[in-house]
Each structure stands twice: as structure tokens, then as C-alpha cells.
Amino acid sequence: MDSLEFSPSQRYSRQLRFAPFGAAGQEKLGQAHAAIVGCGALGSAQAELLVRAGIGRLTLIDRDVVELSNLQRQTLFTEADALAARPKALAAQAHLAAINSQVEVRALVADLTPENIAGHLAQAGLILDGCDNFETRYLLNDFALAQRRPWIYAAVEGAYGVCFTIRPGVSACLQCLLGSDPPQADGACDVAGVLAAAVRWVAAIQNMEALKLLSGHESALRATVWHADLWRNQSRELAAPARSPGCLACRGDHRWLRGESHSQTLTLCGRNAVQIRSPGRALDLPGLQLRLHACGRLQSSQYLLKFWPHPGTLPAGATPPEPGFELTIFPDGRAIVQGTSDPVLARRIYAQYLGG
Ligand SMILES: [Zn+2]
């Protein structure tokens, strides 16, 4: 369509007129590359805002597929994505291309691990937190400190949100802020739920920080830890802690990056599901489909295999929930076992059908 031919001065006119950002900021943003880890509610909001603003390149990393219960707050996705169980990174990439075809978006359907983080995030000058678990955040923190890259921590639960910009060597890091072990918050949103407006508010804070960093306006960055609870009508800025002299991560001891603290099973937030990793393993999905044919119902796509085992083929003592277990199996050996939050049971089910 000729009328939509790319004209940066038109497309970004309102940003260009915002004096502190201006043409120089737009130019820098257009050359920048950021990575978003996790394309759920926060991550997909982040991706849309940065692509609309005209970032040069964006890397999206997400391990999951779109589900119906995502649509309430994950605003890049549609019912068609949920029906097709499209991987979030790829669904986001397609929608983002329709929003701004000038931005180069790389989509990775992957779980971020100590083994692949350096490769996946190699090119990104800024990392944005869209994670749903602290294990990945602690890994990101180690990587960011080791590589001296800024990253922006953000999280939402219920109507509560938090955001903190982390600059290695300048600010406190995530471990300075939260301690050497991750808070035991995983799975909390099973109970708490989450409201979309809280996601939007946190995403706005996080995106504003990203724009300041990517356009070279470090002096405008927020030096505080921002918290808000929209339901209770509270928001406040807490003074950021000083870099802790005892912080192992700041002192260069990166145990999450070394993989010493990385678990192979992870209970997924709000999902009654467990992810099982199997590093170094590759699964031949067409072969697996033939083998599992007699054990349950299957549905395949080019990215994954869905499997609903017959109750009679389950490991001894495994009582299926209503409407049964569901396995989502990826070529990298990973599987999400839906229908339980018990890692031991999920591992047994994995072993029963996938071996290993
Ligand atoms: Zn630290």
C-alpha cells in the first residue's frame, strides 16, 4: 500500500516532537537491539511498545504456546493463536510484522538455560524481563553482570507490580535486592491471579526505562525500585539498595550462569503444569508420534506435539485429573505436563512416554 510507505518522520512524528527524545533518540533507537525474555503479558506488551516506537532489532524468547486463558492480558495474541496452540514467540513475531514491518524481529521458541543464554542474547544491548519465574531472572542477572549489559527487572501479580532498572557496575543487582536465593514465589499466581491493567502499568514503566536506555538518556533513568498496587490505590518509590559488598553475583560468582542452581523441572506459574527439561536431548517428533499412537490422542504441528494419554497407559498410581493429563512436547526434548503441579509425578509421566 503506497500510502503506508515507510516514512520515519511521519510514523514517529509524535516521538520526534517530544523534545528530550527527538531525532537523536529516534536514530539511536533505530540502531538498537533488545531482547525480551518471556512473551507472556509483560513481554508481549513490551514487544508491541518497542516495535511501535521503532526499535531496530528485537529478539523474542519464549518456551510456551498461546492458550485461551492468556488472552485476558496478553494483548498481542488472538483466539486463532490459542486454537492453533501457536508458540508465543512465533505468534508475536507475526503480529509485530503487521504492526511495523521495518523492525527485524527474531523469534526463538526456547527455554533460556545456562547452556544457550550466551548464544541467544549475544547481540542484545538491553535485556527486558518478561519471565514468569525467578530461576530465569537469576540466570539473566548473572549473565547481565558477566557481560555488563543493562536489564530491566519487572513482575506483576494480582494488581501488584514492581520494576527496577539494573545497570551492572552502577546500580544494585537482583541479588543485592532480593538476596542470594530466589524468593519462593513461583506458583503464587495460581492463587493470586493477575489483572491486565496492572500488567499495562508495569509495562509502561518498564518501556519508559527501556526507551531512556536505548536512546542514550541514562541520566533520566529511575534510580528507585518502583512498586504499585492498583487495587489498593498505592504506588511508591523505594530507595534502591546500595550494591551489596556481600553480593556473590556482583563479586563475579555466577552460579546460576554456571548451571549449578538450574533445576530440570519447573512448576509453571498459574498453570497447574510442570515443565521438564532434558538438556542435550533432541526428539524426533514424527517418530514419537508413531510410537505414541496406541497410547492416547495426538495432535501435531510443525513446532510441537500434543499428547493426551489414555488413563490405562499412565504410570501406576497416577490418578488423572478431569479432563486428563496433557503433554506438550517440543523437539528440544522439553515437555510441559499439564494436569499436575507435582514435579515428581510429572517426571514419572515424562519418563513413561518419552523415556530419558
Ligand atoms: Zn549484586
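Just after helix α13, G355 takes a positive phi of about 70°. Helices here are DSSP runs of H or I with at least four residues, strands are runs of E with at least two, and both are numbered from the N terminus. Before going further, please note that this is a predicted model, in which local features need pLDDT of at least 70, side-chain atom pairs count only at pLDDT 80 or more, and totals for chains, interfaces and linings use all residues. Residues are numbered from 1 along each chain as its sequence is written.

Let us stay with α13 for a moment. The 12 residues of α13 (residues 343-354) should span 16 Å at 1.5 Å a residue, and the end C-alpha atoms are 16 Å apart, which agrees; the expected span is 1.5 Å times one less than the number of residues. A346, I349, Y350, Y353 and L354 are buried in this helix. A residue is buried if 20 or more other C-beta atoms lie within 10 Å of its own, exposed if 12 or fewer, and partly exposed in between, with C-beta atoms placed from the backbone. Seen down the axis of α13, the buried residues fall within an arc of 100°, so they line one face of the helix; the arc is that of the directions from the helix axis to the C-beta atoms. The face turned away from that buried side carries the exposed residues V344 and A351.

Now for the sheet. In an open sheet with mixed pairing, 8 strands follow the order β3-β2-β1-β4-β5-β6-β7-β8. Two strands pair if DSSP finds at least two bridges between them. The edge strands are β3 (104-109) and β8, each pairing on one side only.

Within this sheet, β1 (residues 33-37) and β4 (residues 126-129) run parallel and are joined by 4 bridges, with L128 in β4 as the bridge partner of I36. By contrast, β7 and β8 (residues 234-239) run antiparallel, joined by 6 bridges. Their hairpin has 4 residues between the strands, and there N233 takes a positive phi near 60°.

Finally, look at D62, which is placed in strand β2 (residues 57-62). With 29 C-beta neighbours inside 10 Å, D62 counts as buried. Not counting residues up to four places away in sequence, D62 touches several residues, including G38, P87 and V109; contact requires C-beta atoms, placed from the backbone, within 7 Å.

How values were computed: Two residues are in contact if their C-beta atoms, placed from the backbone, lie within 7 Å.
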